[in-house]
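Please look over the sequence and the model shown here. The text then walks through the fold, from the whole chain down to single helices and strands.

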Amino acid sequence: MIATGLPATMDVKRALDSNGSQATEGLKLDFGCGRNIRDKFEGVDRLPLPGVKHVVDLWRFPWPWEDSSVSAIHCQHLLEFMPQAFVARDGVSLIQVPESPEDQDLFFAFFDECFRILKPGALMTVVVPCGRHNLSMDNPCHRRSFVETTWLSLHEPCRLETGMDAVVRCNFDYECAGISSLDQTVFHPEARARRQSESWNVISKWVVTLRANKEPGNGLVAIGSRCGTDKGTFHSYLGVYEELLSPWRDKDISILEIGTWTGRSARMWLQYFPSARIIGLDIGGPPLINDDRFTFHQINQRDQKKLRTLVTDGTLDVVIDDGSHDPEDQRLSFEALWPKVRKGGIYFIEDIQSEASLPYWESRGAKIHKLLKNGRYDDILVVLRK
Ligand SMILES: C[S@@+](CC[C@H](N)C(=O)[O-])C[C@H]1O[C@@H](n2cnc3c(N)ncnc32)[C@H](O)[C@@H]1O
């Protein structure tokens with residue numbers, strides 16, 4: 001779950017009901033509840049107001065809940081009042097100006113603490129004014145403003161690929177829905193999206209659903225989920241990869257992947273195979289990965305000449321084509337790279353766009369995995385073993 005859907009019109013109640021966190025059993029906390037405590041939640045506030053069960057200052061740490069003990073958190077119209085402060089290295093004092101690189105912005109300390117207390121997979125909902133709306137500015141006590149991309153910093157794969165060096169450890173997958181006042185005369189989705197992202201006083205609030213991604217274990221599915229590759233979100237290839245590649249997990253193998261994008265799958269391969277060498281190839285620039293086991297080449301996958309000089313014949317254990325997904329490109333790359341695969345090695349081609357290209361692969365002895373999960377027509381993986 002990482003998306004930024006902007007529904008045409010949606011009220012806060014509908015957006016919250018659709019996130020399902022109300023249905024969860026166990027301890028559910030309504031942060032900064034004031035006098036309106038959410039149904040089936042326990043109220044948390046710094047003031048002992050009627051109905052408040054936990055009188056807690058949420059800007060001070062640690063909070064009085066155990067690790068992984070909370071089933072859901074609801075946090076409506078609290079974060080805009082969060083002071084512009086840092087948590088000092090002692091983990092307790094709030095300071096105005098950071099004194100060391102370890103002093104943590106209060107926003108990150110808050111979400112790290114939410115992550116600590118939430119159970120794996122538990123949901124948190126956040127409602128805040130949109131930073132492009134008067135609601136965000138009209139109250140002089142508001143200290144923070146938020147846009148749709150604010151939440152990226154809470155998602156570990158995005159931090160890694162942008163090289164963000166803030167002190168923050170949590171890993172939330174998220175969806176961000178905008179409560180839009182856009183009148184129904186703007187029907188075209190692109191026109192609506194543009195108005196919503198560029199104009200003032202169109203999106204009034206964000207309803208953000210965050211999921212604590214504490215995916216346990218060190219299998220490929222768990223690592224892939226933490227790294228955020230779409231091989232395990234939009235697509236469902238990780239089970240097939242794990243079944244075929246797990247016997248080589250501790251081996252000193254060589255993997256070449258066409259299509260590195262921001263490095264999510266490369267990070268997954270580096271973590272899953274502790275001794276492997278990963279060669280990344282992309283038409284675009286290199287991902288931010290500093291690891292001696294990773295090398296990168298900026299190459300168009302159609303360029304057979306360059307592919308042929310990349311490595312010696314028979315030296316690759318695994319090739320993964322997750323590049324343009326154009327059938328012609330896939331064939332050109334395969335012709336150039338198949339001789340590079342050693343006997344017993346495996347060649348994967350992801351996201352087959354059309355059934356029309358399948359006979360070509362079948363005639364070469366490929367196994368076709370028509371997974372077609374998540375409603376994806378192109379959730380098809382071709383596998384050739386040499
Ligand atoms: C789906 S993304 C790869 C995702 C990545 N493997 C992961 O799982 O996180 C596809 C990548 O292929 C690259 N690409 C597209 N056309 C290409 C071409 N002709 N040659 C090489 N790379 C290409 C794009 O720049 C993009 O980075």
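What follows goes from overall layout to domains, ligand shell, helices and strands.

This is a predicted model: local features need pLDDT of at least 70, side-chain atom pairs count only at pLDDT 80 or more, and totals for chains, interfaces and linings use all residues. Residue numbers start from 1 along each chain as its sequence is written.

Start with the whole protein. The C-alpha atoms fill a box of roughly 70 × 55 × 40 Å along the principal axes. The protein has 11 helices and 18 strands. Both are DSSP runs numbered from the N terminus: helices are H or I with at least four residues, strands are E with at least two. Of the 386 residues, 37% count as buried. Buried means that 20 or more other C-beta atoms lie within 10 Å of a residue's own; exposed means 12 or fewer, partly exposed in between, with C-beta atoms placed from the backbone. Take contacts between residues at least 6 apart in sequence: 61% of them join residues at least 24 apart. A contact requires C-beta atoms, placed from the backbone, within 7 Å.

Now the domains. The assignment gives domain 1 (2–212) and domain 2 (220–385); such bounds come from an automatic or database domain assignment. Their centres, taken over C-alpha atoms, are separated by 36 Å. How many residues of each domain are in contact with the other? Domain 1 contributes 8 and domain 2 contributes 9. On the domain 1 side, helix α4 (residues 156–162) gives the most, with 4 residues. By class, that side has 3 nonpolar, 3 polar and 2 charged residues. Here Ala, Val, Leu, Ile, Met, Phe, Trp, Tyr, Cys and Pro are nonpolar, Asp, Glu, Lys and Arg are charged, and the others, Gly among them, are polar.

Next, the ligand. There are 20 residues around it, and G259, W261, R264, S265 and S324 come nearest. A residue is counted as near if its C-beta atom, placed from the backbone, lies within 6 Å. Strand β12 (254–258) and helix α8 (264–272) each give two or more residues to this shell. The shell has 3 nonpolar, 9 polar and 8 charged residues.

Two helices show how burial is arranged. In α7 (residues 238–245), the buried residues are L238, Y241 and L245. They sit on the same side of α7 because they cover an arc of only 60 degrees around the axis. The arc is that of the directions from the helix axis to the C-beta atoms. These residues pack against α6 (220–227) and β15 (316–321). In α10 (residues 327–337), Q330, S333, F334 and L337 are buried. Their arc is only 100 degrees, so they too lie on the same side of α10. E328 and E335 are exposed on the other side. The buried residues of α10 pack against β12, α9 (304–308), β15 and β16 (341–349).

Finally, the strands. In β2 (residues 28–31), K28 and D30 point one way, L29 and F31 the other, and all are buried. Strand β2 runs parallel to β5 (residues 70–76) over 4 bridges; F31 has C75 as its bridge partner there. Another 3 bridges join β2 to the parallel strand β3 (residues 42–45), where L29 partners E42. Strands count as paired if DSSP finds at least two bridges between them. Elsewhere, 3 strands form an open antiparallel sheet in the order β7-β6-β8. β7 (94–95) and β8 (104–105) are at the edges with a single partner strand each, so one side of each is left without a neighbour in the sheet. Strand β6 (residues 86–87) pairs with β8 over 2 bridges, and V87 stands opposite Q104 in β8.

Technical notes: Two residues are in contact if their C-beta atoms, placed from the backbone, lie within 7 Å.
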